[in-house]
Amino acid sequence: MRTFTGIAASPGIAVGRLCVIDRRRATVSEYTVPPEAVPFEISRLHAAIIATRDDLESLKSRLAASTGEDHLFFIETHLLILADERLVSETVAIIETGLINAEGALRRTLNRYQDLFSNIDDPYLRERVSDVETVIERILRSMVGEIHAEMPHNAGQTIVAAHDITPADILQFDRTNVIGITSEIGGRTSHTSILARAFEMPAVAGVEGIADPQFDGLPVIVDGLSGHVIISPDVQTFQDHLKRKQHYEYVEFELLKNAGLPAETLDGHPMLLKGNVELPEEGASVLKHGGSGVGLYRTEMLFMNRSAMPDEEEQYNSYRAMQSAIAPHPLTIRTLDAGGDKLLEGMLHCCEQNPALGMRAVRLSLNMPLEFKKQLRAILRISSIGPVKIMFPMISGMDDLLQVKGLLDQAKQELTVEGTPFDSAIQIGVMVEIPSAVILGDLLSREVDFFSVGTNDLIQYSLAIDRSNEQLAHMYQPLHPAVLRSLRQIVLHAHAAGIDACLCGEMAGDPLYLPLLLGLGYDELSMSAASLPRVKRILRRITRERATRIADGCFAFATAAEVEMFLKREITLDIAESFD
Ligand code: PEP
Ligand code: MG
């Protein structure tokens, strides 16, 4: 038995078998072959291509059955590349003229494509080479007998371990098979962890050494409550964790029973509690957990795992599906927030030195106004069907906000001319997640209908701590006095301008912070669906006056640790059992 400790990234306990994903390149050697061996080498190439196509086809049908058709574009693209005659004819020519073995020849073909693509000016086309690389690595692995990094199908028992698991990876997992994840890097607020929580998949991040291939296939426990990963547990440990798992699931089940009660304080003050979602199928879960709408719909997942942007119609259909899943409740749609740790592989230039400070979110949208307008039009069209708000990520000041509003006006004008209906009074909001937006809150608040604080990024940018860096996780402090002052300032600016102050970062879903956020005056909190019942339970047990006193009290301390101690002491006086 070996116990590893990491960061508890998504709650729950998963017990299964470890599948270690190793993304190294296939090990291929090049050698010359005698002329009489040429037909044999060519037949090996053909056989490997057929085997790879069969693998992809079966992966495609498994995914279609388990996660729906929405995210299969990447496989379609890979099948198209595989069917390209030039790939075969060029490789065959190298085998014939150079008398080179099939693997060596295929590697040379890949090198040639890499050279060709690197000379292309258009960054979008240049990045397409990654699809070609993936397909050729697959064929090479098949030729040299290395298995492609793919899940064994253990029907609901697979726990994936990798050095890094990206949001795009997690979307591709067959969720009837993969029940937990663990990675060597990453943090609690990285987007992979956020998705794991959305899918109620226990996860532990930042576990050094967990992706060692020697662990592949071994029994494992991923404890997303304590942050432990235990490989080959002994009988006692196994039984203890099964009990912990049962207890956790029992408490979750009990909490659900009260999920439908009103979201209001003990003295009857309402507070909006909503869900954060990434995919339309999560809408039902928000309602089941007692959410009164969606406060953050992260649209970027629709743009992942594919080689071209979704067009307006496809976006419309997706947003429509989300809207009807939560109707008649309101839906806040956030425009594309790609970049940072949410790279759109194959679509965008992704080699920035500093992605978190680079071409991400609204900057990226403004950099491709035609694509951006498609998204704005699709959202506007949904607003004619039900209550929809629109929100812009990573606004840094008035320049980008006014540009965004200009494009929104253009999209509205186009729809008006076409006679396409939309809500002309659609509410717009900015995400406050860059310190400059906090400081300029008085100006920004005059231009919009609401603020929504993205604490995940606000903490990252205020404290200069990468939210995905497991080594600095202890310094990523939501209760840091500088963060608290920003949170207070944001509400003051919002309320002075008569607009709502909402908060949709991961802080919203931690019950410990509820009294603080309520006491500061936030009007709405939006969180992962599974967090809603616990947060609502605390809300219903506290008066607003008491919350205000607690929030004020937090400002008496100089360090996050002191604030945390204070909050825990205050809350556990009479509502301790809520933290079971
Ligand atoms: C945030 O930054 O807090 C937020 C809600 O957005 P995201 O996590 O998608 O960056
Ligand atoms: Mg953010």
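## Conventions and model

Helix axes are lines fitted to C-alpha atoms over the stretch in contact, and angles run from 0 to 180 degrees between N-to-C directions. Two packed helices are described by the angle between their axes and the distance between the axes. Helices (H or I, at least four residues) and strands (E, at least two) are DSSP runs, numbered from the N terminus.

The model is predicted, so local features need pLDDT of at least 70 and side-chain atom pairs count only at pLDDT 80 or more, while totals for chains, interfaces and linings use all residues. Residues are numbered from 1 along each chain as its sequence is written, chains are lettered from A and ligands numbered from 1 in the order in which they are written, and side-chain values use heavy atoms, with hydrogens and water left out.

## Helix 13 and helix 14

The axes of helix 13 (residues 369–382) and helix 14 come within 9 Å and cross at roughly 60°. Helix 13 and helix 14 are therefore oblique to each other; angles under 35 degrees count as roughly parallel, over 145 as roughly antiparallel, 65 to 115 as roughly perpendicular and the rest as oblique. The crossing is right-handed: a crossing is left-handed if the near helix is turned anticlockwise from the far one by less than a right angle, and right-handed if clockwise. Helix 13 contributes Pro369, Phe372, Lys373, Leu376, Arg377, Leu380 and Arg381 to the contact, and helix 14 contributes Val404, Leu407, Leu408, Gln410, Ala411, Lys412, Glu414, Leu415 and Glu418, where contact means heavy atoms within 4.5 Å. By class, these residues divide into nine nonpolar, one polar and six charged. Ala, Val, Leu, Ile, Met, Phe, Trp, Tyr, Cys and Pro count as nonpolar, Asp, Glu, Lys and Arg as charged, and the others, Gly among them, as polar.

Glu414 belongs to helix 14 (residues 398–418). With a relative accessible area of 27%, Glu414 is partly exposed; buried means under 20% relative accessible area, exposed over 50%, and partly exposed in between (1.4 Å probe, protein chains only). Not counting residues up to four places away in sequence, Glu414 touches Lys373 and Arg377. Glu414 and Arg377 are 37 residues apart along the chain, and their C-alpha atoms are separated by 8.6 Å.

Helix 3 and helix 4 pack at an angle of about 120°, with their axes 9 Å apart. They are therefore oblique to each other, and their crossing is right-handed. The contact is formed by Arg86, Leu87, Glu90, Thr91, Ile94 and Ile95 of helix 3 together with Ala102, Ala105, Leu106, Arg108, Thr109, Arg112 and Tyr113 of helix 4. Seven nonpolar, two polar and four charged residues make up this contact.

Asn101 lies in the loop between helix 3 (85–98) and helix 4 (102–118). Asn101 is buried, with a relative accessible area of 0%. Leaving aside neighbours within four places in sequence, Asn101 is in contact with Ser29, Glu30, Tyr31, Val33 and Glu41.

## Helix 9 and helix 20

The axes of helix 9 (residues 235–257) and helix 20 (residues 532–539) come within 9 Å and cross at roughly 60°. That makes helix 9 oblique to helix 20, and this crossing is left-handed. On helix 9 the contact involves Tyr248, Val251, Glu252, Leu255 and Leu256, and on helix 20 Pro533, Arg534 and Arg537. The contact has five nonpolar, no polar and three charged residues.

Helix 20 is mostly covered, with seven of its eight residues buried: Leu532, Pro533, Arg534, Val535, Lys536, Ile538 and Leu539. These buried residues pack against helix 9, strand 9 (272–277), helix 10 (283–288), helix 19 (514–520) and strand 16 (524–528).

## Magnesium site

The magnesium ion (ligand 2) is coordinated by Glu433 (OE) and Asp457 (OD), at 2.0 to 2.2 Å. Glu433 lies in the loop between strand 13 (427–432) and helix 15 (435–439) and Asp457 in helix 17 (residues 455–463), so the pair ties together parts that are 24 residues apart in sequence. Donors are N, O and S atoms within 2.8 Å of the metal (3.2 Å for Na, K and Ca); water is not among the atoms, so sites may look incomplete.

Glu433 counts as buried, at 2% relative accessibility. Asp457 is likewise buried, at 2% relative accessibility.

## Asp169

Asp169 is placed in helix 7 (residues 167–172) and is buried, with a relative accessible area of 15%. The C-alpha atoms of Asp169 and Ile571 are separated by 39 Å, and the two residues are 402 residues apart along the chain.
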